[in-house]
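Please view the structure before reading on.

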Amino acid sequence: MGRQRAFDEDEVVRAAVELFGGRAFDGVSVDDLVTHLGVHRNSLYKTFGSKRGLYLVALRRHLADDVGPLAEALAGAADAAEALRLVTSADLGLLVLAAVDRAPADEEVAAEVAAAFAVVDQAIADALGVPAELAAALTAAALGVRLRGNPDGVGAALARRLDPLD
Amino acid sequence: MALVRIDGEDLVVVMEGLDKLWAFKSSVTIPLANVRGATADPGIAADPKGIRAPGAHVPGVITAGTFHQDGEKIFWDVRDASKAVVIELADERYSRMVVQVDDPRATVALVENALR
């Protein structure tokens with residue numbers, strides 16, 4: 001019998017979302033997790049099995065807490081410009097980092113990322129009444145705008161071009 | 001130093017050289033179903049290890065054998081903390097094994113891939 005867990009698993013996972021959303025997987029050590037999450041090392045292993053185990057739980061939490069609500073908001077988007085704004089302003093740190101950092105090396109992460117993007121694409125397709133490929137292109141464009149940090153209002157310029165889609 | 005390999009449905013950890021003496025074990029075989037994950041964790045060597053029985057512990061030099069902590073039994077075989085890998089187990093004699101391997105990244109990938 002081990003010592004009782006003395007931490008709030010929900011809070012720990014939320015903190016892990018923040019930590020993994022800001023740094024590459026290999027850039028987060030178990031020491032970092034112990035320090036930032038306030039969890040005893042042995043409890044961390046006991047609860048999540050491994051650093052990767054915690055990462056997967058955190059990624060799924062991020063998808064449920066952040067990407068799910070984005071999809072719901074997108075479903076009510078009035079036009080392409082609004083959809084673009086919603087995607088570029090959403091908290092997608094861990095999803096974006098997972099897509100470039102972990103997905104190429106971890107098929108389970110890749111599947112979660114692909115499913116999340118599919119949900120976003122579908123929400124856009126349904127809201128704007130456009131084909132799935134066009135919705136996927138809009139998601140890709142929005143992610144590209146995020147990646148570039150929206151220099152010179154490129155997002156707004158793109159949105160004006162996209163308005164005729166509706 | 002330990003060698004970690006997958007043998008069918010089992011994870012096999014083999015202690016090499018004199019480590020088998022310090023650790024009081026030459027190898028441990030665990031069904032993969034009882035393996036929860038593996039993590040490279042150089043920082044673990046600096047944590048308190050609990051009570052040793054049996055095994056060898058010369059701080060900063062070698063930690064090997066069975067350690068009891070918080071009601072858990074933990075197997076250690078580590079000399080160079082930078083190469084420590086933690087293998088978390090379930091329904092086994094040991095709650096976890098902390099072993100030194102040649103290539104922590106490759107060992108973690110081997111174990112985690114076998115669990116998927």
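The model is predicted: local features need pLDDT of at least 70, side-chain atom pairs count only at pLDDT 80 or more, and totals for chains, interfaces and linings use all residues. Residues are numbered from 1 along each chain as its sequence is written, chains are lettered from A and ligands numbered from 1 in the order in which they are written, and side-chain values use heavy atoms, with hydrogens and water left out.

**Interface of chain B and chain A**
- Chain B and chain A each put 20 residues into the contact (heavy atoms within 4.5 Å).
- About 1,600 Å² is buried between them, 37% of it from carbon and sulfur atoms (accessible area, 1.4 Å probe, lost on being put together, summed over both).
- Six salt bridges link chain B and chain A (a side-chain nitrogen of Lys or Arg within 4 Å of a carboxyl oxygen of Asp or Glu).
- One salt bridge pairs Glu72(B) with Lys46(A), with the closest N and O atoms 3.0 Å apart.

**Helices α7(A) and α8(A)**
- The axes of α7 (residues 107–128) and α8 (residues 132–147) of chain A come within 8 Å and cross at roughly 115° (lines fitted to C-alpha atoms over the stretch in contact, angles running from 0 to 180 degrees between N-to-C directions; helices are DSSP runs of H or I, at least four residues, numbered from the N terminus).
- Residues making this contact include Phe117(A) and Ile124(A) of α7(A), and Leu138(A) and Leu143(A) of α8(A).

How values were computed: Buried area = accessible area lost by both parts, 1.4 Å probe. Helix = DSSP H or I, 4+ residues; strand = E, 2+ residues; numbered from the N terminus.
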